[in-house]
Amino acid sequence: MIRPATSALRAIANPSSSFRPAAPIVSRALHASASASFATPSHDVPSGGKAPAMKEFKIYRWNPDTPAEKPKLQSYKIDLNQCGPMLLDALIKIKNEVDPTLTFRRSCREGICGSCAMNIDGVNTLACLCRIEKDTSKDTKIYPLPHMYIVKDLVPDLTLFYKQYKSIEPYLKNDNPPAQGEFLQSPEDRKKLDGMYECILCACCSTSCPSKGETVLIHADQYLGPAVLMQAYRWMADSRDQYGAERREKMQNSMSLYRCHTIFNCSRTCPKGLNPAMAISKMKLEMATEAS
């Protein structure tokens, strides 16, 4: 049980209470020092003289410990003047100050780790890169990434996503290492990897793909999705890798690659500005050319 903050503040306001009987509350208030009064937060005067800007956030909630309860949207209101500019700042404030049961992933806060991927107002993105809409007349709706099983609240189960990523063997395969030094690569060949190696595996693109959504229940493990396909092509395009033919052979079926219909949702939603649809198209072209 958490001790009420008011009790702690009363104890701090009268540091000598352990040496004499506690004075009545009114007496303590009258004799409180100036420093103690400054240390006590005031909720009557807004910070910086600004009027409170109360913003409503409606957040998807589901608890596996109470499976009989259906998922719901729970509303929270926070003062934007007391919060950072990003959506992740709002979530952290809600968890720290309003509802500690709210569950979500986060780590770097710089758009590098991909942990805080979620659906914000209908768009898959990273909470740490998404600015809070300043219009307080509009609420912000936050859901977990779509087309995935949910662990709790805003936490999706990424087990299948990482299993598929593992299946493409995302590492350099070369049976003839150089006699000395590193594998060399020309600037032109190195440039072919730009726009692919930067992927942080946040799964925003894969969970925005309609084809991925169609196959979740029927062929969940067969269609690889944009993120995994782009990483598969990243190794096919690498001049240092000797297993390009074997990698392409793995894609020669109706589901792994060709379930992609080039709708471009993946490229539109990528929070890093990458273009998985282009990588997938290049892979299809190379495989078609090779077959002919």
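Analyst: Happy to; below we set values against cut-offs, one label at a time.

User: How do you know how far to trust the model?

Analyst: This is a predicted model, so confidence comes first. The mean pLDDT of the chain is 85, and 80% of its residues reach 70 or more. Over residues 1-45, however, pLDDT stays under 50. For that stretch the model has nine contacts beyond four places in sequence.

User: What makes up the chain overall?

Analyst: The chain has 11 helices and seven strands. Of its 292 residues, 38% are buried. Among contacts between residues at least 6 apart in sequence, 64% join residues at least 24 apart.

User: Why is leucine 102 called buried?

Analyst: Buried means under 20% relative accessible area. Leucine 102 comes out at 0%, so the label applies. Leucine 102 sits in the loop between helix H4 (87-98) and strand S3 (117-120).

User: What does leucine 102 touch, not counting residues up to four places away in sequence?

Analyst: Its partners are Ile59, Arg61, Leu91, Ile94, Lys95 and Asp153. Take arginine 61, which is 41 residues from leucine 102 along the chain: the two C-alpha atoms are separated by 7.8 Å.

User: Asp153 is on that list. What is the phi of aspartate 153, and is this residue buried or exposed?

Analyst: Its phi is near 50°, a positive value in a residue other than glycine. Aspartate 153 has a relative accessible area of 1%, under the 20% cut-off, so this residue is buried. Its place is the loop between strand S6 (150-152) and strand S7 (155-156).

User: Why is threonine 262 called partly exposed rather than buried?

Analyst: The partly exposed class runs between the 20% limit for buried and the 50% limit for exposed. Threonine 262 has 31% relative accessibility, so it belongs to that class. Threonine 262 also has a positive phi, near 55°, and is a residue other than glycine. You will find threonine 262 in the loop between helix H9 (244-250) and helix H10 (265-269).

User: And how do you know that serine 208 counts as buried?

Analyst: Its relative accessibility is 14%, which is under 20%, so serine 208 counts as buried. Serine 208 lies in the loop between helix H6 (187-191) and helix H7 (210-214). Leaving aside residues up to four places away in sequence, serine 208 touches Asn124, Asn265, Cys266 and Thr269.

User: How do you know that the structure holds zero disulfides?

Analyst: A disulfide needs a pair of cysteine sulfur atoms within 2.5 Å, and the structure holds zero of them. Cysteine 116 is an example: the nearest cysteine sulfur, that of cysteine 128, is 3.6 Å away, and cysteine 116 is in no disulfide. The sulfur of cysteine 130 is 9.6 Å from the closest cysteine sulfur, in cysteine 116, so it is too far for a bond.

User: Are cysteine 116 and cysteine 130 buried or exposed?

Analyst: With 3% relative accessibility, cysteine 116 counts as buried. Cysteine 130 has 18%, still under the 20% cut-off, and therefore counts as buried.

User: What makes you say that the buried residues of helix H5 line one face?

Analyst: The buried residues of H5 (residues 159-167) are Phe161, Gln164 and Tyr165. Viewed down the axis of H5, these fall within an arc of 105°, so they line one face of the helix. On the other side of H5, Thr159, Lys163 and Lys166 are exposed. Just after H5 comes glutamate 169, with a positive phi of about 55°.

User: Why is helix H8 called largely enclosed?

Analyst: In H8 (residues 226-236), 11 of the 11 residues are buried, so the helix is largely enclosed by the rest of the structure. Among those buried residues are Gln231, Tyr233, Arg234 and Trp235.

User: What cavities does a search of the whole structure find?

Analyst: It finds three cavities of 30 Å³ or more.

How values were computed:
Residues are numbered from 1 along each chain as its sequence is written. This is a predicted model: local features need pLDDT of at least 70, side-chain atom pairs count only at pLDDT 80 or more; totals for chains, interfaces and linings use all residues. Side-chain values use heavy atoms; hydrogens and water are left out. Buried means under 20% relative accessible area, exposed over 50%, partly exposed in between (1.4 Å probe, protein chains only). Helices (H or I, at least four residues) and strands (E, at least two) are DSSP runs, numbered from the N terminus. The arc is that of the directions from the helix axis to the C-beta atoms. pLDDT is the predictor's confidence in each residue, from 0 to 100. Contact means heavy atoms within 4.5 Å. On a 1 Å grid over the protein atoms alone, a cavity is a set of points where a 1.4 Å probe fits but cannot get out, and a pocket is an open set with protein on both sides within 12 Å along at least five of seven lines; lining residues have an atom within 4 Å of a point. Grid points are joined across faces, edges and corners, and a volume is the space filled by probe spheres set on the points.
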